[in-house]
Amino acid sequence: MARIKKFFLILLVSSIWVQIISCDEQEVKVVEKPNQPSPEAQLAEIQNRIDSLKNFISKQPILKAAKVEPNYGLFQTLQSVGLDLKQSLKIINTLADTVELGVLKAGQIFWVGFDPIDTSKAVLFRYAENPAAIHFLIADYAGEWKYKITENPVSVRYALYEGVLVEGKTLYNTLRDIGIPQTMVGVVAGVLECKVSFRTDARAGDEFKVLLKETRFQDSVWINGNVLYAGYNGSKVKHSEAFMYQEADPKSSYNAHYTEEGEALIHSGLRYPLDRLHITSRYGYRIHPVTGARAFHNGVDYRGAVGTPVYAVADGVIVRSSYDDANGNHVAIKHSDNSQSWYLHLSQRGVGMGQRVRSRQIIGKVGNTGRSSGPHLHLAIKQPSGSWMDPLLKKMIATPKLEGAKFLALQEQIKTIRSIFARTDRAESKNISDSLFATVKWVEAD
Ligand SMILES: [Zn+2]
């Protein structure tokens with residue numbers, strides 16, 4: 001055995017030796033041919049590198065800040081930094097396919113990068129949705145725009161705010177002063193107002209309880225949130241509770257707040273025209289996707305596959321059911337308050353003139369007829385005065401009451417919310433301020 005080992009050892013050593021020899025030979029070869037460049041050549045090489053660096057720097061796009069002015073749409077904002085119609089439309093269309101831009105806010109800034117040589121040509125568009133999500137559109141050599149997103153990590157936690165109203169403070173002011181973002185305060189006040197008349201019945205000493213699911217960047221910057229629960233218990237009002245209900249489809253029109261009994265917490269509103277809500281174009285001035293002209297868009301466009309059922313938003317009488325080149329197949333319903341709801345570009349109409357329809361009755365199917373750039377529903381609301389209004393300003397609900405499987409799903413979600421209370425109850429509570437009797441408790445969301 002030992003002899004065999006010794007044999008292998010020799011074999012190993014000799015093979016290393018062979019390698020060392022061959023290495024030596026190579027090194028000698030390199031040393032034998034020293035090729036020291038002349039000082040002129042070295043200088044030329046340095047100049048070369050400087051030139052390529054300059055070239056690299058000059059290829060960086062020239063950035064311009066496109067600021068949203070009051071009443072500006074994205075098109076006007078892009079034009080303000082010198083983008084032409086064609087380039088603006090390209091950016092707007094690429095965005096529509098990738099990002100939900102939401103409502104533009106005055107003061108909001110987009111960055112547009114221009115080619116440093118052809119300075120009229122945009123090559124970059126940057127939109128920071130929030131500090132954690134930054135969207136880019138980048139133009140390639142052929143002028144086609146590609147979408148990219150960079151996402152920074154965020155923390156998600158449950159926050160339970162509890163307290164009592166103090167003299168002279170409304171629930172709205174109290175929630176705002178304890179640091180709940182304005183949009184969340186609006187949701188809490190909105191759903192509780194369905195059950196509590198704050199104007200007359202709120203009293204100092206009344207108790208409130210709000211559970212939020214908060215997403216923050218670096219633990220402090222607010223990204224977004226959901227009101228999972230809002231509760232109110234007062235001396236003049238009975239205990240009221242609102243629970244968030246969410247379906248697997250984040251765009252389901254049933255996603256809203258309900259009582260434990262399944263009652264929708266929204267004032268008598270219109271019903272949604274579709275089961276799934278993906279807004280592709282809002283009410284207001286915009287560039288028409290087909291004609292390219294600046295025009296007033298008098299309704300809301302919802303994306304939908306051809307054949308998706310379209311529902312009446314309220315009871316009424318059919319005052320129009322026809323076809324024309326602009327609107328395609330369209331239907332209009334006159335409601336009891338003399339307002340009208342219009343439904344355009346349908347593939348099929350399911351109702352005739354003069355017919356009475358009930359809220360949530362199917363009146364047709366989504367289509368792409370008339371002047372339309374893709375399957376969608378255009379919903380418009382005409383006021384009794386004859387002028388159009390933003391349909392999104394009308395409160396809409398999918399159903400006044402959850403029933404069947406949806407009601408059972410709500411009960412499951414209420415159970416989950418109550419189990420989060422059990423966890424937050426064990427968390428350490430933090431006093432928010434001495435003048436407001438309120439505390440907050442945080443637990444990490446799973
Ligand atoms: Zn439209």
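Leu89 lies in helix 4 (residues 85-98), where helices (H or I, at least four residues) and strands (E, at least two) are DSSP runs numbered from the N terminus. Leu89 is partly exposed, because 17 other C-beta atoms lie within 10 Å. By the cut-offs used here, a residue is buried if 20 or more other C-beta atoms lie within 10 Å of its own, exposed if 12 or fewer, and partly exposed in between, with C-beta atoms placed from the backbone. Please keep in mind that this is a predicted model: local features need pLDDT of at least 70, side-chain atom pairs count only at pLDDT 80 or more, and totals for chains, interfaces and linings use all residues. Residues are numbered from 1 along each chain as its sequence is written.

**Overall picture**

- The protein has 8 helices and 27 strands.
- Of its 446 residues, 25% count as buried.
- Among contacts between residues at least 6 apart in sequence, 59% join residues at least 24 apart; two residues are in contact if their C-beta atoms, placed from the backbone, lie within 7 Å.

**Helix 4 and its surroundings**

- Leu89 and Phe75 are 14 residues apart in sequence, and their C-alpha atoms are 7.6 Å apart in space.
- Helix 4 has 14 residues and reaches 20 Å from its first C-alpha to its last, close to the 20 Å expected at 1.5 Å a residue; the expected span is 1.5 Å times one less than the number of residues.
- Gln87, Ser88 and Ile91 are the buried residues to look for in helix 4. They cover an arc of only 100° around the axis, which puts them on the same side of helix 4; the arc is that of the directions from the helix axis to the C-beta atoms.
- The face turned away from the buried side of helix 4 carries the exposed residues Lys86 and Asp97.
- The cover over the buried residues of helix 4 includes helix 3 (74-79), strand 3, strand 4 (133-139) and strand 5 (145-151).

**Helix 6**

- Helix 6 (residues 182-193) has 12 residues and reaches 16 Å from its first C-alpha to its last, close to the 16 Å expected at 1.5 Å a residue.
- Met184, Val185, Val187, Val188, Val191 and Leu192 are buried in helix 6. They cover an arc of only 160° around the axis, which puts them on the same side of helix 6.
- Gln182 and Thr183, on the other side of helix 6, are exposed.
- Covering the buried residues of helix 6 are elements including helix 5 (171-177), strand 7 (207-217), strand 8 (221-233), strand 9 (240-245) and strand 10 (256-258).

**Nonpolar cores**

- The largest nonpolar core has 63 residues, of which Tyr161, Val188, Val210, Val227, Ala230, Val310 and Tyr343 touch the most other members. Such a core is a set of buried Ala, Val, Leu, Ile, Met, Phe, Trp, Tyr and Cys residues joined through C-beta atoms within 7 Å.
- Helix 6 gives the largest share of this core, 6 residues.
- This core draws at least three residues from each of domain 2 (155-268 + 402-444) and domain 3 (271-394), with bounds from an automatic or database domain assignment.
- Leaving aside its neighbours within four places in sequence, Ala230 is in contact with Val188, Val191, Leu192, Val210 and Ala242.
- A second, separate core of 14 residues includes Leu74, Leu83, Phe125 and Leu137.

**Strand pairing**

- Strand 1 (residues 62-67) and strand 2 (residues 109-114) pair in the antiparallel sense over 6 bridges, with Ile62 bridged to Phe114 in strand 2. Two strands count as paired if DSSP finds at least two bridges between them.
- Strand 2 also pairs in the antiparallel sense with strand 3 (residues 122-130), over 4 bridges; here Val112 stands opposite Phe125 in strand 3.
- An open sheet of 3 strands runs in the order 16-22-20 with antiparallel pairing. Its edge strands are strand 16 (309-311) and strand 20 (348-349), each pairing on one side only.
- Strand 16 and strand 22 share 3 antiparallel bridges, and Tyr311 stands opposite Ile362 in strand 22.

**Positive phi in two loops**

- Asn338 has a positive phi of about 70° although it is not a glycine. Asn338 is found in the loop between strand 18 (328-334) and strand 19 (340-346), and it counts as exposed because it has 11 C-beta neighbours inside 10 Å.
- Arg360, also a residue other than glycine, has a positive phi near 75°. Arg360 sits in the loop between strand 21 (356-357) and strand 22 (362-365), and its 18 C-beta neighbours inside 10 Å make it partly exposed.
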